[in-house]
Amino acid sequence: MNLAIRDIRYHRGRFILTSIGLGLLLGVVISMGGIYRGLIADALAILHANKADIWVVQQNTNGPFAESSRIPEDIKYRIRAVPGVAEASPLSFQTIQIERHGKPFRFFLIGYEMSGFGGPPEIVAGRGIRQKHYEMVAARAMGMQIGEKIHLGLHDYTIVGLTGKIVSSSGDPVAYVSLVDAQDIQFKKDNDAIRNDRERIGANLANIQTLSPAQGKYLQQNISAITESTHTVNTIVVRLAPGANLHDVQERISRWNHFKPISDAEQTAILAKGMIEKARMQLGLFRVILLVISAVIISLIIYTSTLDKIKVIATLKLIGSQNRVIIGMILQQSLLMGFIAYFIGYGLILLTYEKFPRRIVLEAFDMQILFVIVMVICVISSFVGIRKALKVEPGEALGG
Amino acid sequence: MDKNMYAIEVERLTKIYGKGETAVTAIADATLQVKPGELVAILGPSGSGKTTLLTCIGLINEPTHGTVVIDGTTVADEGWKSGIDLKRMRREKLGFIFQAHNLIPFLTAQENVMIALEINNMTKNEAKSRATELLTSLNLGHRLGNYPSALSGGEAQRVAIARALANKPRVILADEPTAALDTENGKNVMALLKKLAVENYSAILVVTHDHRMVEGFDRIFQVNDGRITDEKSNLEVGASHERG
Ligand SMILES: Nc1ncnc2c1ncn2[C@@H]1O[C@H](COP(=O)(O)OP(=O)(O)OP(=O)(O)O)[C@@H](O)[C@H]1O
Ligand SMILES: [Mg+2]
């Protein structure tokens, strides 16, 4: 006969309530682990979507995510010429916050070359971008409808398709436009500013007496073209040809001045270790605190339920029960409570994790480790109760 | 053989609680023997040391001096004898019945009896059928699945008796088993004990302070102030009661 189960069956209301309470607590512990894994998954989402081997960024930066990086778009031609490079595609990144329906609306805009790669990983509704201008593909999480228009910079952009779940390293949903559009949105000055700049350049050139009017006009056109140029990107992503040596390609690019080739593994490390290290420590600390609280609560519950059972324990000793019967009763109750609470917490998070504002990723390994930790906590927590129970004298059963 | 003539042998048993100035001699120099099949009462006023005597015999209270022999095994000789597994002695040789029935509240009547059997290594099925049989013989066949809280005082006490009997102990110790019952139920319980002593050939030692309850007992020890002051046969008690 299992005394632990009989006792629980008799006091089921109390047992269920405490298990639910503990389950909620463990749910929070689980969700914090999930948030941490989610942070990593978010941070690496763009990386995984692009499947690039090398990220070429501005020299001396850890761009384009952890630090800002600006490089000329045209360097793509030079990179494509490097032996072992199969594809090189420029990308532009910017975070955008506008008002939509009266609320702040934040997303991460990626501009990509339509003939290259780095665009939407998949299209779940509508179509991809076909025209060079004014079309946009948005992540479903942005909640936009196909056909909806959004005003960015100087123009309106139409949503032509939706892509699945993809977020920036800070968790904002991602939208895609063509590289030219993205450069326009990022760099293009409004018409007044352009007109003023041109006037200023023209006036300055007119002051130079040695220039003929024809020369002045020619110079003005060129200077304007350069200052109005938006051909700047944040990174150029590179895919290697089969069999190409990553190290050799990196070596070669880093020999040029002004550029830094970051391998996919290095980029992963920059994002996973550097950017979210603080968040990881914070979440870890919370989890430890909550687990300690759980341990204290389990100890208290087991201790008070042992106190409630002093007479039962004394009676069991009186009729000659072995200590293992009594220890077993207390330990099993503790383990059972932890077991049930764990699955209540797990179930709760499974039911709700999609509704969390940030991504929750539940990894089997994390869950197994937590389960073991909870069981160990239950064993340790029951020690106080067991200690008390072993001290009970069988004579205590006699009192009225 | 001669050694086993008695189920309980107590010699010059003394129990002193505490030390020094606060020491209380609860029982002093008590000597008594009980044969198997005998129903014996310990009578005495409150605080006279009845429970102390019973718990020393029941191996839950260490005697300060003297010897206790249960079913031929010396368990105490100037304190516990070393090498004796008291728990095992208790579950194999002794059955306990107390004033408050001491049933385990979260076990049904049947399970309360079964637990005593299971801790004595009986399989679950055997325990179940033996418990059912015992309870049925005590007219509790219809109460097997009830929790103690749903039993009357008399029923609960009979469940406790069934539990005490479960392992067919040589010795049954009862401390005021009728105190929580009305006179009629009390008399029924005593009659049941009498029957069991004869049928099971157990030595039954019953503590009470109620003269009316000891009808039909084989012998009665009177305890006063920690000392056994008198030993009578049942007839004598009955007679003195009639006279008094
Ligand atoms: N654990 C203890 N510590 C100290 N003194 C005790 C203890 N138990 C009993 N005594 C004392 O020993 C004496 C005998 O007590 P005991 O319980 O044996 O009496 P009793 O005859 O059973 O009384 P009652 O009829 O009230 O149950 C009393 O003076 C009591 O105060
Ligand atoms: Mg008493």
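This is a predicted model: local features need pLDDT of at least 70, side-chain atom pairs count only at pLDDT 80 or more; totals for chains, interfaces and linings use all residues.
Residues are numbered from 1 along each chain as its sequence is written, chains are lettered from A and ligands numbered from 1 in the order in which they are written, and side-chain values use heavy atoms, with hydrogens and water left out.

Let me start with chain A. Here A43(A), L44(A) and L47(A) of helix α2 meet D264(A), Q267(A), T268(A) and L271(A) of helix α8, helices being DSSP runs of H or I with at least four residues, and strands runs of E with at least two, numbered from the N terminus. The residues of this contact divide into four nonpolar, two polar and one charged, where Ala, Val, Leu, Ile, Met, Phe, Trp, Tyr, Cys and Pro count as nonpolar, Asp, Glu, Lys and Arg as charged, and the others, Gly among them, as polar.

Turning to chain B, six strands form an open sheet of mixed pairing, in the order β6-β7-β8-β3-β9-β10; two strands pair if DSSP finds at least two bridges between them. At the edges are β6 (94-98) and β10 (227-233) of chain B, each pairing on one side only.

Technical notes: Contact means heavy atoms within 4.5 Å.
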